[in-house]
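Hello,

Here is the structure I promised to hand over. Please open it first, and then read my notes below.

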Amino acid sequence: MFLFMKKIITHRKINKKIDTLDHLIATLDIKDGVFYHCVENAAVLYSEIKLVKKDGKTRLINAPQKKLKIIQRLLLDKVFSGIKLLPCVYGFSSSTSVVANAKVHSKSDHLLNLDLQNFFPSVHMERVKGLYADIGLGNIAAVLCRLTTLEHQLPQGAPTSPFLASLALTNLDHRLYSLARKNNLFYTRYFDDLSFSGGKRVTVIEKDILRIIVEEGYKTKKSKRALYEKGETKEINGICALKGKLFLKNTDEILGYINDLATYGLERLQTANPIKECQSLKGKIAFLKQVDPVRSLELENAFLKIKW
C-alpha cells in the first residue's frame, strides 16, 4: 500500500459552476439520452487493442467507443480546459511539445531521465474522485469517475486519461520542481518521462528524487533510467541533443530512403501503400522541421523529386 504525502498544492478550480448533472449536460451540449447511456454502460463501452512496442512487448489499449469518446473529448474541451498544469509539465499544447521539452535540457552538461511505472494504472479511481472534488466538481465526481475510469483506474486509450494523470501528479511535480530549483537544475515532465538536467548535482540528488517519487505513491522503471555526462550526446524522448543543438538520429536513414525513391522510383517503396507512405514521410519531415530546420530543408528538397 502506498503512503501519500500530505497535499502541498491546491489545483485551480474550473472556471464555471457545474454542480449538477443537468449543468454538466448543458455544458457539454449533449443529448440527455446519450449522456445517461454512457454513464450507465461505461464499463462495457471500451474495446481492447493490443499494440506491439518497439521492444516486441505488447501494450494493452482500452479504446472508448465513439459516443463515450465524444463525451470524454467534450470534458477536456469544455470542462477541464481552464485548468492549467504547472509550467514544468509538457505534452498538452504546441508550446509544451516534445520538442519544447527537449530544448529545456539541450544546453545542460548532465541529464538524468526517469520513467514512471504504470503511469495510468497508478492513478486509482479514489484519487481521480479526489481530483474532481479539488477542482470544484465534487457533487458530480462519482458520475465523472464512471465516464473517465475503467476497472477503478485510468484507462490507457481514453482522451481524458493523460490530462487526469498529469493533474494527479501535481504534488509530485511541485516537489520535484522545487528540489531541482534549490539545486540549480532544470526539471520537466513529458507525460510519464521525467528529466533533470544541469550540473553534477543531478547525480547527487537522484536518491532524493526517487524518495519523493515513492512518497507520492509511484515507482520508476529501472530499465528506462538514463544518465548522460558532460560531452555526451543526450536523448530526451527520442530527440538527441549535443552542445545545445537538437537533431534526430535517424535523419540520414530517412534521407537515404527518400533519395532512393527519387532516383529509382516507387519500386523502392518499403510498403505496399504509396499514398500512406507519402503522408508518413511528410509527417516525418514536418516533425524534423521543428527539431532541426536546416536538415529538414535537405529532406524536403529531396522529397519534391519523388514521382508519386
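Which residues does Phe80 touch, not counting residues up to four places away in sequence? Phe80 touches Leu75, Tyr132, Ile135, Leu137, Thr160, Phe163 and Leu164, where contact means heavy atoms within 4.5 Å.

Before going on, a word on the ground rules. This is a predicted model, in which local features need pLDDT of at least 70 and side-chain atom pairs count only at pLDDT 80 or more, while totals for chains, interfaces and linings use all residues. Residues are numbered from 1 along each chain as its sequence is written, and side-chain values use heavy atoms, with hydrogens and water left out.

The overall picture

The protein has 13 helices and 10 strands; these are DSSP runs numbered from the N terminus, with helices being H or I of at least four residues and strands E of at least two. Its C-alpha atoms fill a box of roughly 65 × 50 × 35 Å along the principal axes. Of the 308 residues, 45% count as buried. Here buried means under 20% relative accessible area, exposed over 50%, and partly exposed in between, using a 1.4 Å probe and protein chains only. If you take the contacts between residues at least 6 apart in sequence, 70% of them join residues at least 24 apart.

The cores

In soluble globular proteins, nonpolar side chains tend to be buried together. A nonpolar core is a set of buried Ala, Val, Leu, Ile, Met, Phe, Trp, Tyr and Cys residues joined through side-chain atoms within 4.5 Å. The largest one in this protein has 59 residues, and Phe35, Phe80, Tyr132 and Leu137 touch the most other members. There is also a second, separate core of 29 residues, which includes Ile239, Leu248, Leu288 and Val291.

The charges

The protein carries 49 positive and 31 negative side chains, with Lys and Arg counted as positive, Asp and Glu as negative, and His and the chain ends not counted. The centres of the two sets lie 3 Å apart, the place of a charge being NZ of Lys, CZ of Arg, CG of Asp or CD of Glu.

Side chains of opposite charge can pair when their charged atoms come close. The structure holds 14 salt bridges, each one a side-chain nitrogen of Lys or Arg within 4 Å of a carboxyl oxygen of Asp or Glu. Here are some to look at:

- Asp115 pairs with Lys221, with the closest N and O atoms 3.8 Å apart. Asp115 lies in strand β4 (residues 110-115) and Lys221 in the loop between α10 (206-215) and β7 (226-228), so this pair ties together parts that are 106 residues apart in sequence. Asp115 is buried at 6% relative accessibility, whereas Lys221 is partly exposed at 25%.
- Lys17 pairs with Asp19, at 3.6 Å between the closest N and O atoms. Lys17 is exposed, at 66% relative accessibility, and Asp19 is partly exposed, at 23%.
- Arg295 and Glu298 meet at 3.0 Å, N to O. They are three residues apart in helix α13 (residues 293-303), so about one helical turn separates them. Arg295 is partly exposed at 22%, and Glu298 is partly exposed at 40%.

One last residue

Ser97 sits in the loop between β3 (89-90) and α4 (98-105). Is Ser97 buried or exposed? Ser97 is buried, with a relative accessible area of 16%. Beyond its neighbours within four places in sequence, Ser97 is in contact with Tyr90 and Tyr190.

Enjoy exploring!
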